Amino acid sequence: MPATNDADDYWGKAVTLYTGFPMPSRKTLFDKLKSKEGIPLFRMDIQSMGVRAVTAEDYSAISGWMKHDGEDYDLVFYTAGGDGAHSGVEMHRARIVLIGVPVDSNSRARLLDAGEMTSGGAFTGHYGDQWDSGPMSQYVSGAKAALDKLLADHTTRGFAYSGLPVADAEAVDLNSFERTALAFDRAAKFFIDHAKILEQWETSLGSEQASWKGQAAGVFWHLVHQLRKNYDSYVEQLGGADYHSAHTTVNGVSPKSKFGDTLAMAQQQLVTEITNLQNAWTTWANSREHDPHRSVLELLDDLSSWVLTNNVPYIDETTSYGGETTVTSYSTRAGFLENHPVYGNLNDIQSWKKLGEAAVTRWNNYVNQQLVPVATQSLSTLNGNWIDAGTEFEDPLKTKDTTSLSESYQQEQNQLNQDQLNQNQQNLNDILNNNQQNLNEGLNNLGDNLNNLNNGLGNIGDGLNNGLGNFTDGLNNSLGDLGNNLHSLSSNLNGPPGSGLPLNGDPGGLNPLLNNPLNHLGLNDGGNPLTNPGGATTRLNADGTLTTDYPDGSSTTFNPATGTMTTTSPGGKVTTSRLNAGDSFTNPDGSTTTLNADGTLTTKFPDGTSTTVDPATGAATTIHPDGSVTTTDLNAGLGSGADDLSHLTDLHSTGGLNGLDGLNAPSSLHSGGLNPGSLDSASLHSGSLDSGSLNSGLDGLHGDDLAFEDYDSTPFTGGALGAPGGSALSAGGAAAPPTGGTPLNPGGLGGMGGAGNQSNNERVRKVLDETGGASLRRPTVSRAASGGEEEEREMVLTRGSTPTTSSPYYPMGGGGSPAGQGAQSTESGDRERSSWVPEDEDVWGTDEGGAPAVIGR
């Protein structure tokens, strides 16, 4: 807003603020409308006249407005050398011409009518004087013209008055409120429409008929689910899908979002205040006091009345006769005044300058009485209303779920592992219950075999002892393998670069996936803090952020992953700023922090010290004012790599899992444990306690019941991601996106096989690889056979068939029963056995650059 109006002129401030029209200063309006003597608004001279006595009627005939051609006002007065009784009376006439007034058809000056507006500019006077009535007309009439323009056209762009334009940068556009409101409405509609599309995707991916299964598809499902939740949250924050506004814009538009409604309300509040100013001007102008020359005329009329009361009536005329000669003389008597109490001697030109200045003051008083109070109240009201409206925009839209894909994957894996353990425990309990029931049924049949009771009971005892002994041995062996697997996992976690799951090795490994679990194990508790000049301390946090604590109790935290700088004041107020490469941030202690292009942070302190910190390595390099350099390793407390993870090997102990020993042992519930050899027909007769009664419940531990994969024997019949069935996602073709595009991949989901002509009924989970480094593939865990052989086996089922293998499920992704131990490994003859090795498949869903890869091969 241009600062051309006076600091205390709230009328000028309000007009300029609401319209952008740069109201001129009231103090300088008449600087270019002054006579050579400095009299504002009129020029004049004083002429001597032949003395004569006049009556009140005679005086009114020769004094006042438009009494003679060439003058606008005449005022006759007497002087006698001072107030009181005097002789030597003189008669004078003040001839006054107004400057900067409009003229009528006879070229005579006239004053503005009620509510009349006038324009002005530079002009040359009768005697060559250069005057300019532009500023006066800009203030008096330009304000009303700007208010009218804004209400009529909703903008002041291109507006000018008496040569004074509204700059484009300062123009006010009421339609901008509506445009912004409609932008919020479009955002709300986008979230509403695409939340429906995402819901369809989520339903298609998560149904039992979904064509995509596996770990990558599961992570993709979570991404869709997360986006849908966030979009629903955005819709609610914008007012809801069925929002109805309480306000309309000046063009009659009813916004469909909460923020749009607030903007419509703010626009209406501005229009109301503009109307209030417009009405105030009309009231002021209807009094005709908006014309400054009227104040001059009113003061001249007042002065004429004073002269007619205190000057003219006190003139005495004396006539003396001497023969044929007649002599007339004039004198004043007591009560005669020629010095006005305000202006002074009427025969002094400076007295008339005071009258012109008094006229300017009189006009300003009218402005202060009729315009300024309305403007002051308007500014206060609009400020309060807009502060209330602005609170709606103080907080940006909040994202409800900010979980990363790696965190989501880890949570899902933890839940799957827990669910699997719970299922294994339930299966084991069911088997034990079934065995107990079968045992009881066999004992009930002993009444029919009294002759063989002793032998039968003896065999029962031997068989039961041997079976339970084998069962316990199997459980112990299996949990021993579970401990070995955990120990192997720990070794891989701490392995050298490029091996296993490198926490301290390859930078492209699983650090992002395992960061939070490692924090819980106490492996990332922070390193050495760095003390900065002034007493502040900087530390590298476990999550990779940098926090600086200041002596006044404030702190700043920089997150290199998001580029945000969060400042917490001593009072607990939190503000967040975003740093791009090259941006600088002023810290509470006066130092400045700059984000460099390579991701490092450089802080310059008032004493000349500078410190550069690399959040990726924890190295802090400090250059002191004397030029010396010191380096601090903020990671010093993190240990030296794999040694800090060595305690993970304690996890291989099975002591903490009592009661689950043997879940991995293939022989724990096999025929060797409770087979017909221990409860044969010779002792209990045929069918009393045969192999079927005790072994029939062991199927609960077969790979099909306990396997990580769910087998779906029902062919997929649903559409691709909510789209119609058929060729929507056929192999080699790209699925057409929903109407209006998709929030994730507007170009479609091309290349996603598995839902078209291919007939691969096996569904394999694959692990997400987010970082672009070593892929997380299905681990290969081998079991040593009695003959030293290692093999990996996966169960293959023919659609509609039942599993025939007798090997139980092995946690941690182990293979089947080792060869050479009497285990059977029967596969369906019409299906090809599938084996997986770590390099066999690429991971779908998180290719570098964010583009979806292909599901399957």
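Colleague: Which residue is the bridge partner of Leu530 in β15?
Modeller: The partner of Leu530 in β15 is Thr538. The model is predicted, so to read it: local features require pLDDT of at least 70, side-chain atom pairs count only at pLDDT 80 or more, and totals for chains, interfaces and linings use all residues. Residues are numbered from 1 along each chain as its sequence is written, and side-chain values use heavy atoms, with hydrogens and water left out.

Colleague: In what sense do β14 and β15 pair, and over how many bridges?
Modeller: Strand β14 (residues 530–531) pairs with β15 in the antiparallel sense over 2 bridges. Two strands pair if DSSP finds at least two bridges between them. Strands are DSSP runs of E with at least two residues, helices are runs of H or I with at least four, and both are numbered from the N terminus.

Colleague: Which residue takes a positive phi in the hairpin of β14 and β15?
Modeller: Gly534 does, with a phi near 95 degrees, and the hairpin has 5 residues between its strands.

Colleague: And what about the hairpin of β15 and β16?
Modeller: That hairpin also has 5 residues between the strands, and Gly544 in its turn has a positive phi of about 90 degrees. β15 and strand β16 (residues 546–549) are antiparallel and share 4 bridges. Thr538 stands opposite Thr548 in β16.

Colleague: Which residues of β15 are on the covered face, and which on the uncovered one?
Modeller: In β15 (residues 537–540), Thr538 and Leu540 form the covered face, while Thr537 and Arg539 form the uncovered one. In a regular strand, side chains alternate between the two faces of the sheet.

Colleague: Changing topic: in what order do the strands of the open sheet with β1 run?
Modeller: The order of the 4 strands is β1-β5-β3-β2, with antiparallel pairing. β1 (42–49) and β2 (64–65) are the edge strands; each has a single partner, so one side of each has no neighbour in the sheet. β3 (residues 73–79) and β5 (residues 90–98) are joined by 7 bridges, and Thr79 has Glu90 in β5 as its bridge partner.

Colleague: Which strands does helix α7 touch?
Modeller: Helix α7 (residues 292–310) packs on the sheet and touches β1, β2, β3 and β5, its direction making about 30 degrees with that of β3. α8 also packs on the sheet, touching β1, β3 and β5, at about 145 degrees to the direction of β1. Contact means heavy atoms within 4.5 Å; axes are lines fitted to C-alpha atoms, for helices over the stretch in contact, with angles from 0 to 180 degrees between N-to-C directions.

Colleague: Is Glu116 buried or exposed?
Modeller: Glu116 counts as buried because its relative accessibility is 19%. Buried means under 20% relative accessible area, exposed over 50%, and partly exposed in between (1.4 Å probe, protein chains only).

Colleague: Which side chain has a polar contact with that of Glu116?
Modeller: The side chain of Arg110 does, at 2.9 Å. A polar contact is a pair of N or O atoms within 3.5 Å; within protein, one must be able to donate a hydrogen and the other to accept it, and residues adjacent in sequence count only if both atoms are side-chain atoms. A polar atom of the Glu116 side chain also lies 2.7 Å from the backbone nitrogen of Asp113.
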